[in-house]
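A plain account with one table is enough.

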Amino acid sequence: MKKFNIKKVAVLGSGIMGSRIACHFANIGVEALLLDIVPKELTEEEKKQGLTSESPAVRNRIVNDAFQKTIKSNPAPLYHPSFAERISLGNFEDNMKDIAGCDWTIEVVVENLNIKKQVFDQVEKYRKPGTLITTNTSGIPINLMLDGRSEDFQRYFCGTHFFNPPRYLRLLEIIPSQKTDPQVVQFLMHYGDLYLGKETVLCKDTPAFIANRIGVYGILSTMHTVEKMGLSVSEVDKLTGPVIGRPKSATFRTMDVVGLDTTVNVANNLFGALKHDESREMFQLPGIVKGLYERKWLGDKTGQGYYKKTKDEKGKTVILELDFGTHEYREQPKAKFAALEAAKPKDDLKERLQILINAKDKAGEFYRATFYDLFKYCSYRIPEIADELYRIDQAVAAGFGWEYGPFETWDMLGVRETVGKMETAGAKPSQWVYEMLENGAESFYKAENGKRLYYDISNKSYQVIPGTDEFILLDTLRDNKVLWKNDGATIFNLGDGILNVAFHTKMNTLGAGPIEAINRAIDMAEKDYVGVVIGNEGQNFSAGANLAMLFMYAIEQEFEEVEMMIRQFQNTMMRARYSSIPVVVAPHGMALGGGCELTMHADQVQAAAETYIGLVEVGVGLIPAGGGTKEMTLRVSDRLEAGDIELNDLQNAFMNIATAKVSTSAQEAFDMHILRDRDNITLNRKRLIADAKEAALALAEAGYSQPVPRKDIKVQGKSGLALFHAGIYGMRMGHYISDHDKKIAEKIAYVMCGGDLSYPQTVSEQYLLDLEREAFLSLTGEKKTLERIQSLLQGGKPVRN
């Protein structure tokens with residue numbers, strides 16, 4: 001594979017996508033040059049300031065405004081605010097020449113072929129031969145952009161379609177032209193995966209490529225079904241969200257966020273381009289789309305769409321939904337379906353889907369209509385848009401935030417059984433599906449020897465999914481690599497002497513099962529292996545301790561049981577820290593409360609870039625007592641210099657705990673001192689377990705030696721405690737916190753200062769753990785704490801009381 005050394009990229013076009021693409025390159029340490037057009041005329045404000053059309057502030061106004069809006073947007077496009085310094089701004093007229101110093105130029109201007117060609121004319125003048133040039137088009141045929149281009153341009157030109165927002169949506173579609181050098185394609189597939197953290201999917205140059213072709217079809221198919229069945233906005237969003245493994249924004253909320261005009265434009269373009277698509281009529285806009293589009297109710301950008309945010313008579317924000325019959329807004333009725341009630345107790349998505357698709361109510365009818373139609377459509381798109389079925393799954397799942405793609409979902413429901421039901425429903429799939437079944441292949445995917453295989457239609461056999469050789473997929477190890485398991489966790493043998501502990505409780509909470517598994521894995525490793533990785537493939541690493549068990553004991557006032565739970569949790573954290581083998585923790589998604597404490601007690605952390613981590617126990621009226629408060633105090637002690645700096649650092653650590661602060665990225669967790677300099681970040685979450693295994697092996701091979709529990713932690717005693725109490729009292733008098741919040745804050749301060757010691761001195765970890773546990777127990781019996789825990793367990797947010 002030809003190597004391109006990417007040190008600096010140029011992004012041409014600073015709109016919503018362009019600015020965010022530049023930010024994501026900055027996230028990975030690459031310099032970015034962001035350019036846009038020069039304004040045609042001055043604003044009134046610029047005239048008042050005496051500026052002219054030659055003033056840099058005027059000439060760069062469009063790019064400056066777009067970039068400032070982007071870096072202030074939520075969710076944040078940057079892992080850390082300081083990364084904005086890696087992006088320089090300019091305009092096409094003055095700074096296009098600067099692309100000569102860039103290794104990759106990405107065009108992200110408006111979706112108009114003539115405008116893109118004008119931009120490429122300028123690029124040809126300054127681009128250094130042999131450097132990458134790509135387009136972020138979402139649908140214009142790549143080959144149409146080659147007219148008039150030089151041979152070198154054509155050779156290094158390719159489609160690179162990012163999905164918005166680029167930081168969070170993992171898909172990067174790679175679309176070569178007929179003249180793209182295969183080594184360019186190979187490099188982009190690898191670079192996107194390894195460095196940008198993307199699911200890179202090789203696409204054919206067909207209308208809307210893969211993800212939008214399938215995704216927009218699925219949306220419109222759903223809309224047509226909704227119209228036929230008379231379902232409401234909130235009913236559909238209840239049916240098409242997390243319950244079936246899709247984002248909370250579901251269908252209509254997603255349409256409002258993206259903008260109805262975007263969906264309509266893609267649908268109209270596809271209807272015009274797909275003359276021979278057997279389901280072309282589905283791309284015609286149903287009335288529930290056309291009606292809003294004609295009224296210009298496009299969603300968030302126009303203030304109303306399928307939902308409308310307003311205020312009630314008390315000034316409280318209320319979100320109304322559209323009534324399709326009257327086109328007026330109304331309160332959202334409670335969506336109730338027997339199918340959802342039946343599926344609610346099931347944490348496993350496969351079990352839920354089986355219940356939902358076979359339900360006899362209106363929800364079951366809806367699922368059968370939409371799922372079977374989508375399965376049918378996807379089957380007919382091979383080989384038109386992709387030769388291999390896994391590419392469709394990868395693109396749709398990564399581009400739209402689904403847990404599983406269409407063929408993976410079909411597998412969960414049973415391919416053969418579902419085909420029979422599809423026939424009955426009038427949604428007969430493509431002939432290759434029947435040939436697959438006749439050939440004895442009963443599923444689209446299977447696991448074999450730790451690898452994930454897909455059914456290859458061309459040679460009628462199972463093949464390893466290309467590009468996954470470097471991944472460790474725990475799901476493929478279940479047949480022959482499980483060494484031990486209980487109801488809450490599984491211990492896998494990852495090979496090379498490394499074990500893995502994977503949680504599988506609800507939200508991966510840390511109850512008796514995971515705690516037992518951690519201790520068991522360390523015992524096994526100390527005897528027969530060389531290291532342990534703690535990581536999983538769930539949506540989140542861990543949402544914290546099992547509060548349901550804690551609540552039960554507290555309500556019954558069985559405080560000895562609570563004390564035993566906390567002591568066991570603390571002992572397990574210390575076991576992870578002070579075992580004779582290296583323990584590497586691999587957090588991703590949410591790593592809250594106990595999940596954060598476990599992370600902080602690892603020998604090394606290999607965190608996914610999108611890790612949201614923090615000590616959040618205050619939210620339920622408690623303090624971190626699994627070693628979290630102790631560990632933050634220890635880390636402050638290690639950073640001590642002298643005087644006020646010491647207390648300022650301690651205060652910052654205190655505030656992180658007292659405000660239940662959660663990092664917005666793994667990078668921010670370094671600022672919070674949850675991650676340390678020796679910890680590492682993985683951009684592509686699919687590589688996380690493999691990277692963590694390599695980290696554990698490296699520690700073992702470097703001659704890992706068992707650390708000794710600390711007895712040199714400097715604490716402030718009464719002097720520090722007095723300052724904290726003064727600040728807490730001020731917060732209470734200012735009505736910023738409640739009496740209960742004040743009590744919690746005082747408990748945190750008490751532990752972090754080492755209790756009421758008469759002068760600053762050094763203490764041991766065990767001393768601080770004992771203080772933690774005592775403080776936690778004293779809060780457990782508080783009525784206000786129990787109310788907060790109960791509120792959270794019932795699905796609400798903890799109330800501040």
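This is a predicted model: local features need pLDDT of at least 70, side-chain atom pairs count only at pLDDT 80 or more; totals for chains, interfaces and linings use all residues.

Residues are numbered from 1 along each chain as its sequence is written, and side-chain values use heavy atoms, with hydrogens and water left out.

**Overall**

The secondary structure of the chain comes to 32 helices and 25 strands. Helices (H or I, at least four residues) and strands (E, at least two) are DSSP runs, numbered from the N terminus. The C-alpha trace spans about 80 × 75 × 65 Å along its principal axes. The chain has a radius of gyration of 28 Å, which agrees with the value near 28 Å for a compact globule of 801 residues. That radius is taken over C-alpha atoms, and the globule rule is 2.2 Å times the number of residues to the power 0.38.

**The seven-stranded sheet**

Seven strands form an open sheet with mixed pairing, in the order β15-β16-β17-β18-β19-β21-β23. Two strands pair if DSSP finds at least two bridges between them. β15 (482-485) and β23 (680-682) are at the edges with a single partner strand each, so one side of each has no neighbour in the sheet. From one strand to the next, the twist averages 25 degrees. β15 and strand β16 (residues 489-495) run antiparallel and are joined by three bridges; Val482 has Phe492 in β16 as its bridge partner.

Two helices lie across this sheet. Helix α21 (residues 512-528) lies across β15, β16, β17 (498-503), β18 (531-534) and β19 (583-585), and runs at about 175 degrees to β17. Helix α28 (residues 688-701) lies across β16, β17, β18, β19, β21 (604-608) and β23, and runs at about 165 degrees to β21. Axes are lines fitted to C-alpha atoms, for helices over the stretch in contact (heavy atoms within 4.5 Å), and angles run from 0 to 180 degrees between N-to-C directions.

**The three-stranded sheet**

An open sheet with antiparallel pairing has the order β12-β13-β14. β12 and β14 (461-464) stand at its edges, each with a single partner strand, so one side of each is without a neighbour in the sheet. Here the twist averages 40 degrees from one strand to the next. Strand β12 (residues 445-448) is joined to strand β13 (residues 451-456) by four bridges, and Ala447 stands opposite Arg452 in β13. The hairpin of β12 and β13 has two residues between the strands, and Asn449 takes a positive phi near 55 degrees there.

**Helix pairs**

Two packed helices are described by the angle between their axes and the distance between the axes.

| Helix pair | Angle | Axis distance |
|---|---|---|
| α15 (residues 349-357) and α16 | about 110 degrees | 8 Å |
| α16 (residues 362-380) and α18 (residues 406-413) | about 125 degrees | 10 Å |

The angle of about 125 degrees makes α16 oblique to α18. Angles under 35 degrees count as roughly parallel, over 145 as roughly antiparallel, 65 to 115 as roughly perpendicular and the rest as oblique. Phe371, Leu374, Phe375, Cys378 and Ser379 in α16 meet Pro406, Phe407, Thr409, Trp410 and Leu413 in α18. These contact residues divide into eight nonpolar, two polar and no charged. Ala, Val, Leu, Ile, Met, Phe, Trp, Tyr, Cys and Pro count as nonpolar, Asp, Glu, Lys and Arg as charged, and the others, Gly among them, as polar.
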